[in-house]
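Q: Hi! Could you walk me through this one while we look at it together?

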Amino acid sequence: MQHHLTRSRFLYLTLLCVFCFSSYVIAQDKALATRTRAGNLLRVESLLDPIEINRIHSWEMILQTANERPIQNAKITVTGGMPEHDHGLPTLPQVTQEIGAGRYLIEGIRFHMPGKWEMNFSIETDTGTDIATLEFTL
């Protein structure tokens with residue numbers, strides 16, 4: 001009888017953890033910023049507030065020179081993942097459009113677990129290629 005209770009409790013706790021993990025909501029600042037290798041400013045803001053684990057969402061990215069002038073007509077590639085877990089993103093986010101001067105829409109972002117993440121941006125313009133890495137914890 002004692003063995004059955006222990007097994008039942010274990011099953012209950014396991015199911016509770018799975019439920020909590022699958023509906024985990026991230027409570028963090030939705031705006032993040034970093035400098036590119038060339039000193040330009042890259043800011044992103046999630047359009048989903050708060051960010052939720054396992055929910056596909058979009059980010060708005062603002063790209064400016066060090067003098068805060070918009071960087072327009074850039075070709076931006078987005079990659080990323082969890083370096084501590086040695087895996088990439090579960091989706092392939094893409095910049096789908098420039099929605100204003102130096103403002104870009106990134107669609108298809110999903111995080112499947114809490115922890116330390118990084119997003120890598122390769123930014124091609126008429127003046128060359130610049131890169132940036134944005135590190136954050138969910």
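A: Happy to! Some ground rules: two strands pair if DSSP finds at least two bridges between them, and strands are DSSP runs of E with at least two residues, numbered from the N terminus. This is a predicted model, where local features need pLDDT of at least 70, side-chain atom pairs count only at pLDDT 80 or more, and totals for chains, interfaces and linings use all residues. Residues are numbered from 1 along each chain as its sequence is written, and side-chain values use heavy atoms, with hydrogens and water left out.

Q: Great. In which sense do S4 and S8 pair?
A: Antiparallel, over seven bridges, with S4 covering residues 75–82 and S8 residues 116–125. Thr77 sits opposite Ser122 of S8.

Q: And how many bridges join S4 and S5?
A: Two, again in the antiparallel sense, and S5 spans residues 87–88. Gly81 has Gly88 in S5 as its bridge partner. Four residues lie between the strands of this hairpin, where Asp86 adopts a positive phi near 60°.

Q: Switching topic: what is the average pLDDT?
A: pLDDT is the predictor's confidence in each residue, from 0 to 100. The protein averages 85, and 78% of the residues score at least 70. Over residues 11–28, though, pLDDT stays under 50.

Q: Now Gln97, in S6. Which residues does Gln97 touch?
A: Leaving out residues up to four places away in sequence, Gln97 touches Arg103, Tyr104 and Leu105; contact means heavy atoms within 4.5 Å.

Q: Why does Gln97 count as partly exposed?
A: Because its relative accessibility is 42%; buried means under 20% relative accessible area, exposed over 50%, and partly exposed in between (1.4 Å probe, protein chains only).
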